[in-house]
Amino acid sequence: MKIATKLSAPNWIVFQLVEKCNLRCKMCYQWGDTGSYHEKEALTTLQFKSLEKIINDCADSKPTFGLFGGEPLLHPQVFELIKLITDKGCYVYAATNGTLIEQYAEELIDSKINRLWISVDGPQKINDLQRGNGVFKRVMKGISKLTQLKKATGSHYPELGITYIVTPTNAAHIEDFFFNHINLDEFAGVSIEMQNYTTVDEHLDYVEVLSSEFGVKTMAPIASGLIQDPVIFKNMDMENITQQIFKVKELCDAKKIILNTSPKTVNTQNYKNYFSANWEQLEDKKSHCVFPFIQAEITATGDVVGCHTFYDLPMGNIYQTDFLDIWNGERWQQLRKYIRKDLFPICTSCCSYYYNPSSKY
């Protein structure tokens, strides 16, 4: 008689709830001018029933759940989903462009979501150059309403985090933004991340690896959304960027706010190496990636993937195979075996590459 064995579950499960987005952010590798979803006609949404099964199957392990998009607040049952996760005693956060916070402020507080990571790209003029006219004011109104409601209700949640992606457009405005255009007392976390990108050659090498090692016969369309010529960064003042981030760090330290930087090492030469694609000289260079051992991401189409940034290597699909069977399956073991001995040619283009979770693998 065959004895059933308990399947392991990830420490971290991320849902790309929708492919929909209510903004056309120029620098976004999904929705930007060259993003992989920019011209996509058929957009999909993860089915609540399938998500409910995954949460119920994995809840005993108390994983962290992340909600992404597109814009996750566009999912029609997002608050039911959050409640299901929090009722199971699991931590849940969402990454949002912030434009729907004012509309859903009451629901966000009632849902008891642990944290919202809000993307803002600088002072109003700079932010709206990248994200569209009026976006900055909408986001600030949402943050203000949410903060007022938290005080009125005595609610600690959601905690707020702010994500600032450094690009050629906003690189000179980091210090100004954090000191003069936002009240950091309203935030628990700050993440300052350099714009992710990959080169043409790295993308082509990645396509070859997917084909030869995993039998994926595509041109890696998701990864193609990050292709940039490093020449676009040549006028960025790396020394000035470094000085600004150190000043923000001093401010965060004084206010006891956690600051994440990506890459982790903040210095001028490291940024010069990063923005010239001189990956081998990065002080943050790694020989492995922890995430295929601790995290799974489910895309809006139901594909299960081992990387938060690149969805070009599916491990299976939740509409065809149980999630835990995919996580424990042979194809995922193949991915882990490969990543133990070698990184993908584009791993340096992924923000998770620079993140150091404490989980063992």
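In the predicted model, Asn260 belongs to strand β7, which spans residues 258-262. With a relative accessible area of 18%, Asn260 counts as buried, because the cut-off for a buried residue is under 20%. The side chain of Asn260 forms a polar contact of 2.8 Å with the side chain of Lys264. When residues up to four places away in sequence are left out, Asn260 touches Val190, Ser191, Ile192, Glu193 and Tyr355.

The side chains of His308 and Glu297 are joined by a polar contact of 2.8 Å.

Helix α1 covers residues 48-58, and its buried residues are Phe48, Ser50, Leu51, Ile54, Ile55 and Cys58. These residues lie on the same side of α1, because they cover an arc of only 160° around the axis. In an α-helix there are 3.6 residues a turn, so residues three or four places apart point the same way. The buried residues of α1 are covered by elements that include the strands β1 (12-16), β2 (64-68) and β8 (295-298). The helices α2 (78-87) and α12 (323-327) are also among the elements that cover them.

Empty space within the model was considered next. Rolling a probe the size of a water molecule over the atoms shows where such space is left. The structure contains one cavity of 30 Å³ or more. The volume of the largest cavity is about 240 Å³. Its lining consists of 18 residues, and those nearest the centre of the cavity are Pro292, Gly306, Cys307, Phe344 and Cys347. Helices α11 (291-294) and α13 (330-341) each contribute at least two residues to the lining of the largest cavity. In this lining, 15 residues are nonpolar and three are polar, while no charged residues are present.

The second largest pocket holds about 240 Å³ of space. A total of 13 residues line this pocket, with Glu280, Lys285, Leu343, Phe344 and Thr348 nearest its centre. By class, the lining of the second largest pocket comprises six nonpolar, two polar and five charged residues.

Terms used: Residues numbered from 1 in each chain as written. Predicted model: local features only at pLDDT ≥ 70, side-chain atom pairs only at ≥ 80, totals over all residues. Heavy atoms only, no water. 1 Å grid on protein atoms, 1.4 Å probe; cavity = no way out; pocket = protein on both sides within 12 Å on 5 of 7 lines; lining within 4 Å. Points joined across faces, edges and corners; volume = space filled by probe spheres on them. Nonpolar A, V, L, I, M, F, W, Y, C, P; charged D, E, K, R; others polar. Helix = DSSP H or I, 4+ residues; strand = E, 2+ residues; numbered from the N terminus. Buried < 20%, exposed > 50% of the residue type's maximum accessible area, 1.4 Å probe, protein only. Polar contact = N/O pair within 3.5 Å; in protein donor to acceptor, adjacent residues only side chain to side chain. Contact = heavy atoms within 4.5 Å. Arc of directions from axis to C-beta.
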